[in-house]
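Hi,

Here's the structure I promised to pass on. Have a look at it first, and then read on for what turned up.

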Amino acid sequence: MDNIILVAGATGDLGGRVCENLLGRGVAVRAIVRSKSNQKRVFELRELGVQIVATEYDDEYGLTLACQGVSCIVSTLAGLGDVIVKAQSLLLKSAIQAGVPKFIPSDFSTDFDQLKVGDNRNFDLRKEFQTIINASNIQATSIFNGAFAHILAYNTPLLDIKNSSISYYAGKANWNIDFTTIADTAAFTARVALDNDTPRSLYISSFKISPLALSQLANEVFDRQFEWRNAGTLEDFAAYTIHTRAENPKGELELYSQWQQMQYMYSMFAAQNQRIDNDRYDGLTWQTAKETLLAIKS
């Protein structure tokens, strides 16, 4: 049977790039789009050659039709519980009804299996769906890519380019953080979707870098000295995040509330990929830390 890959979340950056990588390999790609989807992106996908299926994620019949003849589903959906748990669960149910053999859930993140419930709200939702998909008979493969590399351009405490500073947590100056670009993640994901023999989890990173190494690289790339800032212990940061979350209940309805961004930073220092599967497929290239900073500088 010829491969048909169904991509959920294709109008997003990661999903769109997965489609492009699959099309580049001559693979038939089908995308689920909702009535509220960005129509400009839908048009662009159609122009690329993606088969567009218009349905909603609460339409079991429509989802099941979209899954017919599909060899693998790639979910790059982003959202809160109504998306990560509910929508993915309905898509999973439809996939099983249609006989789809493989499902790649939207787990593109730090390895949340190493984190406790409560460490990261958005990852907790993925843990919840993980329990659901693990109870099914479908072949599931999660891809853990660490943090997306573009956050290094966001002037976070880790790398604040605007203020020429780098923050670190006590005892974590040499902690290697996994970063992967969206482009590298998409290229790897496309290969996973076409691989019939994948394990439950795969781990990638374009590069690993510690705060200490990052400061040395930033000094070189930006040609100025970055100030070291001690942010205290990781435990104190976690406690402060809990306090901030309790004082901002509206953030429970926001995908990237302030405290969720803090949890994302905490996760970067609390878990790291214990193995790297970058070499699983031939022909892939991986962006370096220096290339990333040079792109930000330009």
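This is a predicted model: local features need pLDDT of at least 70, side-chain atom pairs count only at pLDDT 80 or more; totals for chains, interfaces and linings use all residues.

Helix 3 itself covers residues 60-67, and its buried residues are G62, L63, T64, A66 and C67.

Both ends of helix 3 have something to show. At its start, D59 has a side-chain oxygen that comes to within 3.3 Å of the backbone nitrogen of Y61. After the helix comes G69, with a positive phi near 75°.

Next, a pair of helices. Helix 5 (residues 121-134) packs with helix 9 (residues 258-270) at an angle of about 75°, and their axes are 8 Å apart. Angles of 65 to 115 degrees count as roughly perpendicular, so that's how helix 5 and helix 9 sit relative to each other. On the helix 5 side, R121, N122 and F123 make the contact, while helix 9 brings in W259, Q260, Q263, Y264 and S267. Sorted by type, the residues of this contact are three nonpolar, four polar and one charged.

Is S201 buried or exposed? Its relative accessible area is 11%, and because buried means under 20%, S201 counts as buried. Leaving out residues up to four places away in sequence, S201 touches S142, F144, R275 and D277.

Cheers

Terms used:
Residues are numbered from 1 along each chain as its sequence is written. Side-chain values use heavy atoms; hydrogens and water are left out. Buried means under 20% relative accessible area, exposed over 50%, partly exposed in between (1.4 Å probe, protein chains only). Contact means heavy atoms within 4.5 Å. Helices (H or I, at least four residues) and strands (E, at least two) are DSSP runs, numbered from the N terminus. A polar contact is a pair of N or O atoms within 3.5 Å; within protein, one must be able to donate a hydrogen and the other to accept it, and residues adjacent in sequence count only if both atoms are side-chain atoms. Axes are lines fitted to C-alpha atoms, for helices over the stretch in contact, and angles run from 0 to 180 degrees between N-to-C directions. Angles under 35 degrees count as roughly parallel, over 145 as roughly antiparallel, 65 to 115 as roughly perpendicular and the rest as oblique. Ala, Val, Leu, Ile, Met, Phe, Trp, Tyr, Cys and Pro count as nonpolar, Asp, Glu, Lys and Arg as charged, and the others, Gly among them, as polar.
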